[in-house]
Amino acid sequence: MSTQDVLLMRLLRVASQGITACVDPVLRPAGLTESSYHTLIIVMAAGAEGTTPTALCTQVGQAAANMTRILEVLRSEALIDIRLDSRDGRRRRVFVTELGTSVVQGYAGRLAPIVSAAMAGISAKDKVTFERLLRAIVASLDKAEAMAGGAA
């Protein structure tokens, strides 16, 4: 392994932990975590069509067991509704409730200055480059995860 690759992986982990450290204290009073709030945002963005638990696992980056727990917490707090898919009764679809939309909007305002401060040191041009690089890393990590799963 190259030293630079190991360093980059470490920096990604530190950045991820830093995001959680900034966001979780704001969300904790509502019983939310970064992952549950992110899930709620994705469900809200799905609109009237809703989304599936499988799609949420991919979009939020959570294993199925963790996503099941997150969805149960969100449902118990009446932030989401889970129903059978009208086109395929074997599948479930997840929809945001009015309360869930209200929670997302309320916390978006509280988190906006934190996100702005976190990104303040990056120029608009560098943000575009950073997004491109992160997308490439995510794609590579997906391939690496598939390799690791096959090695077990």
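Is Tyr 37 buried or exposed? Tyr 37 has a relative accessible area of 6% and is therefore buried, since buried means under 20% relative accessible area, exposed over 50%, and partly exposed in between, with a 1.4 Å probe and protein chains only. The model is predicted: local features need pLDDT of at least 70, side-chain atom pairs count only at pLDDT 80 or more, and totals for chains, interfaces and linings use all residues. Residues are numbered from 1 along each chain as its sequence is written, and side-chain values use heavy atoms, with hydrogens and water left out.

A pair of aromatic rings is described by the distance of the centres and the angle of the planes. Rings of Phe, Tyr and Trp (its six-membered ring) pair if their centres lie within 6.5 Å; planes under 30 degrees apart count as stacked, over 60 as edge-to-face and the rest as tilted. The structure holds one such pair. In it, Tyr 37 and Tyr 107 are edge-to-face, with 6.4 Å from centre to centre and 70° between the planes. Tyr 37 is in helix H2 and Tyr 107 in helix H5, 70 residues apart, and the pair links these distant parts of the chain. Helices (H or I, at least four residues) and strands (E, at least two) are DSSP runs, numbered from the N terminus. Tyr 107 has a relative accessibility of 9% and counts as buried.

A charge sits over a ring if NZ of Lys or CZ of Arg is within 6 Å of the ring centre and within 35 degrees of the ring normal. Elsewhere, Arg 83 lies over the face of Phe 95, at 3.9 Å from the ring centre.

Helix H5 also holds Ala 108. Ala 108 is partly exposed, with a relative accessible area of 38%. From C-alpha to C-alpha, Ala 108 and Ile 41 are 9.7 Å apart in space, and they are 67 residues apart in sequence.

Next come the charged side chains. Side chains of opposite charge can pair when their charged atoms come close. A salt bridge is a side-chain nitrogen of Lys or Arg within 4 Å of a carboxyl oxygen of Asp or Glu, and the structure holds seven of them. Glu 49, Asp 85, Arg 87 and Arg 93 are linked in a network of salt bridges. Asp 85 has a relative accessible area of 6%, whereas Arg 87 is exposed at 64% relative accessibility.

Another salt bridge joins Arg 135 and Glu 131, with the closest N and O atoms 3.0 Å apart. Both residues lie in helix H6, four residues apart, about one turn of the helix. Arg 135 is exposed, with a relative accessible area of 58%, and Glu 131 is partly exposed, with 43%.

Rolling a probe the size of a water molecule over the atoms shows where empty space is left. On a 1 Å grid over the protein atoms alone, a pocket is an open set of points where a 1.4 Å probe fits, with protein on both sides within 12 Å along at least five of seven lines; lining residues have an atom within 4 Å of a point. The largest pocket is lined by 42 residues, and Ser 16, Ile 19, Glu 34, Leu 134 and Val 138 lie nearest its centre. Elements giving two or more residues to this lining are helices H1 (3-27), H2 (34-46), H3 (53-60), H5 (98-119) and H6 (124-151). H1 gives the most, with 14 residues.

The second largest pocket is lined by Asp 5, Leu 8, Met 9, Leu 12, Ile 137, Ser 140, Leu 141 and Ala 144. H1 and H6 are the elements that give two or more residues to its lining.

One backbone detail remains. Most residues other than glycine have a negative phi. Ala 78 is not a glycine, yet has a positive phi of about 65°. Ala 78 is found in the loop between helix H4 (64-76) and strand S1 (80-84), and counts as partly exposed at 39% relative accessibility.
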